Amino acid sequence: MRTVFAGTPLFALPTLEALVKAGYDVPGVLTQPDRPAGRGRRLTPSAVKTRAGALGIPVYTPENGAEAEAVVRALGADVVVVVAYGLLLPPGLLDIPTHGCLNIHASLLPRWRGAAPIARAIEAGDTKTGVTIMRLDTGLDTGPMLARAAVAIAPCDTTETLADRLAHLGAETLMPVLDALREGRPVTEIAQPASGATYARKLRKDEGVIDWRRDAVALERQIRAFTPWPGVRAVIGGTSVKIGTAHAVDAPRPAEPGVVLEVRPDLVIATGQRALAVTSLQADNARMQPAQVFLQAHPLSVGNRVG
């Protein structure tokens, strides 16, 4: 079964690796064009492009839907597997493969359709999420479901750690579906329920500015959800920082939001409800470091205010 793969970031690699390991014929990989990255803003290939090249798989970087459609048609795809490709496939492409286009979506659909399902699940305080294997249609993550698998969201999970688990779970959940299609066995498709749908909008950099008036639990979730990007920023000790890790605690005394309540063992700051204990942070042009190491260079006292 000729299986064209479409994906871009690290999240897509376990599935590409699984296809190759299982002996699927992968005649080509579609990925986004090289993008500027790093401080030097140099053009950098995607993780999928780099890995596919190492595996000897031809790589295509179509600039638009018409080019993508032409590539898939030329490759004679029996199925297209899509994992975090990052570009919408044109409607004309969906009907080219014999078995259509199958997508690994990082949520239990219909909850968290859209661009950032992992981060939004953490931000909302969900206790579980998962992956859904769905057949792409012309809607936004609205196609029928072929398989689902759930996983618990740990209290310490960030988008980075949870994405790593879901990437491997997605590959594991997809392969039995593909095997059935390859062997001619029936695969049950279930329409997504009409109720329970939510939308996971794309993350914006301006969402990472901390508001100490919010509930500490909400701030903790925000920090975990926005790690690694865009991060949650604050002004502490007169320095702009990105908060690495923090957790909600009971406030030792009443105080206005943004007031330092304790400096040891953690940097505890009053919020709109309870307090936030900051355990690691990163100043601009520096590495992430424990709060106590940061405070050695940027001393704070109880009663100081942060921004």
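At what angle do helix 5 and helix 7 pack, and how far apart are their axes?

Author: This is a predicted model, in which local features need pLDDT of at least 70, side-chain atom pairs count only at pLDDT 80 or more, and totals for chains, interfaces and linings use all residues. Residues are numbered from 1 along each chain as its sequence is written, and side-chain values use heavy atoms, with hydrogens and water left out.

Two packed helices are described by the angle between their axes and the distance between the axes. Helix 5 (residues 117–124) and helix 7 (residues 216–225) pack at an angle of about 165°, and their axes are 8 Å apart. Here helices (H or I, at least four residues) and strands (E, at least two) are DSSP runs, numbered from the N terminus. Axes are lines fitted to C-alpha atoms, for helices over the stretch in contact, and angles run from 0 to 180 degrees between N-to-C directions. Helix 5 is therefore roughly antiparallel to helix 7 (angles under 35 degrees count as roughly parallel, over 145 as roughly antiparallel, 65 to 115 as roughly perpendicular and the rest as oblique). The crossing of helix 5 and helix 7 is right-handed, a term used if the near helix is turned clockwise from the far one by less than a right angle.

From helix 5, Ala 119, Ile 122, Glu 123 and Ala 124 meet Arg 221, Arg 224 and Ala 225 of helix 7, where contact means heavy atoms within 4.5 Å. By class, this contact of helix 5 with helix 7 has 4 nonpolar, no polar and 3 charged residues (Ala, Val, Leu, Ile, Met, Phe, Trp, Tyr, Cys and Pro count as nonpolar, Asp, Glu, Lys and Arg as charged, and the others, Gly among them, as polar).

The loop between helix 7 and strand 12 (232–236) holds Pro 228, and Pro 230 lies in that loop as well. The peptide bond from Thr 227 to Pro 228 is cis, with omega near 15°; the bond from Trp 229 to Pro 230 is also cis, with omega near 5°. Most residues other than glycine have a negative phi, and most peptide bonds are trans.

Elsewhere, Trp 112, in the loop between strand 7 (101–105) and strand 8 (113–114), has a positive phi near 65°. Trp 112 is buried, with a relative accessible area of 10% (buried means under 20%, exposed over 50%, partly exposed in between, with a 1.4 Å probe and protein chains only).
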